[in-house]
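Welcome! Here is a short tour for anyone meeting this structure for the first time. Please have a look at the sequence and the model below before reading on.

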Amino acid sequence: DIVVALGGSFGREAAPREIAAMWGGTVAEALGVSPEQRKVLVACGAGAGLAAVYSVPISGVLYTIEHVLNWDTSPGAVLPAIVSCCVAVWVTSSTVETHGLYSMPRYSYDWPSLQMMLWAVMIGPVAGLMAVAFRRFVKYVEGFKPLGRVPLAFNEAVEGEHIWLTFEKDNSIYRRQVEVVSRSPVEVAVKDPSNPSAQEEKLDEEEWESSHAEGSRDWTILIIMPTAFLALAVLCHDFPSLLGNGRALAEIAMQRER
């Protein structure tokens with residue numbers, strides 16, 4: 001999100017989507033809604049953020065229902081998604097372009113030619129296979145990305161260390177900071193460091209793994225990120241269309257004349 005705010009060449013929807021989801025959670029906590037309603041509000045915030053930044057209310061609604069809520073088509077999910085996305089687009093309509101991302105002729109009143117239909121039949125499977133390969137490559141590369149905090153294995157816990165645990169309760173996910181009080185070969189005792197009177201909680205190895213324990217911050221991002229941007233800057237000297245999230249490449253392909 002910081003990189004996007006500083007003008008980095010990434011998609012512009014991630015930061016608004018996550019910020020809107022965060023505000024959805026904040027509103028849910030302020031209103032004291034049920035866990036199910038909280039989930040819907042957070043999802044609507046994410047969809048509204050996507051809809052607002054590209055001025056695409058229909059896409060925002062579909063993203064909320066399909067991607068975030070896993071095809072929850074109940075009125076309690078669909079109606080809030082429609083309202084939140086439409087309101088978000090209306091609020092940003094004075095600053096976000098609404099005439100479409102790509103400048104190209106419209107073919108709404110023309111029947112596609114035989115060559116166009118054959119090309120569509122041929123390119124569909126090819127594009128699908130390339131998308132699968134690209135997604136697998138991205139998943140592989142994600143294994144090397146810096147993390148917010150370094151995962152802490154059960155046998156690496158040290159007495160006196162402050163760590164973060166993630167757990168699920170009432171269909172919601174919570175994170176809390178605890179201090180390792182003591183440990184043995186079979187369990188680790190932790191305690192809330194902000195409450196001296198809090199009771200110790202003992203976690204065995206299975207409970208420890210399920211809580212996704214995290215230790216110190218992963219500072220390697222301060223090395224990897226500048227290195228990645230330096231490599232991108234060098235490549236963009238000869239290939240300026242690499243900047244952005246693919247729009248420049250698409251525009252070149254659409255506007256190129258043979």
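## A word before we start

Helices here are DSSP runs (H or I) of at least four residues, and they are numbered from the N terminus. With that in hand, one more thing to know is that this is a predicted model.

How confident is the prediction? The protein chain has a mean pLDDT of 83, and 84% of its residues reach 70 or more. Among the elements of the chain, helix α5 (residues 75–92) has the highest mean pLDDT, 92, while helix α1 (residues 2–5) has the lowest, 59. Where pLDDT is low, the predicted coordinates should not be read in detail.

## A negative patch

Let us turn to the surface. Asp204, Glu205, Glu206, Glu207 and Glu209 come together there as a patch of negative charge. Which helix gives the most to this negative patch? Helix α7 (residues 205–210) does, with four residues.

Glutamate 206 is one of the residues in the patch, and it sits in helix α7. Its relative accessibility is 66%, so glutamate 206 counts as exposed, the cut-off for exposed being over 50%.

## A nonpolar patch

The surface also has a nonpolar patch of about 630 Å², made by Met116, Trp119, Met122, Ile123, Val126 and Met130. Take valine 126 as an example: its place is in helix α6 (residues 114–142). Valine 126 counts as partly exposed because its relative accessibility is 40%, and partly exposed runs between the 20% limit for buried and the 50% limit for exposed.

## Two positive phi angles

Most residues other than glycine have a negative phi. Serine 55 is not a glycine, yet its phi is positive, at about 55°. You will find serine 55 in the loop between α3 (35–54) and α4 (57–68). Is serine 55 buried or exposed? With 17% relative accessibility, serine 55 counts as buried.

Histidine 212 also has a positive phi, of about 50°, without being a glycine. Its loop is the one between α7 and β6 (214–217). Histidine 212 has a relative accessible area of 53% and is therefore exposed.

## A buried cysteine

Our last stop is cysteine 44, in helix α3. Cysteine 44 has a relative accessible area of 4%, so it is buried. Along the chain, cysteine 44 and isoleucine 65 are 21 residues apart, and 8.7 Å separates their C-alpha atoms.

Key:
Residues are numbered from 1 along each chain as its sequence is written. This is a predicted model: local features need pLDDT of at least 70, side-chain atom pairs count only at pLDDT 80 or more; totals for chains, interfaces and linings use all residues. Side-chain values use heavy atoms; hydrogens and water are left out. Patches are made of residues with over 30% relative accessible area and no salt bridge: like charges are joined within 9 Å, nonpolar side chains (Val, Leu, Ile, Met, Phe, Trp, Tyr) within 5 Å. Accessible areas come from the Shrake-Rupley method with a 1.4 Å probe; for residues, only the protein chains shown count as cover. A salt bridge is a side-chain nitrogen of Lys or Arg within 4 Å of a carboxyl oxygen of Asp or Glu. Lys and Arg count as positive and Asp and Glu as negative; His and the chain ends are not counted. The place of a charge is taken as NZ of Lys, CZ of Arg, CG of Asp or CD of Glu. Buried means under 20% relative accessible area, exposed over 50%, partly exposed in between (1.4 Å probe, protein chains only). pLDDT is the predictor's confidence in each residue, from 0 to 100.
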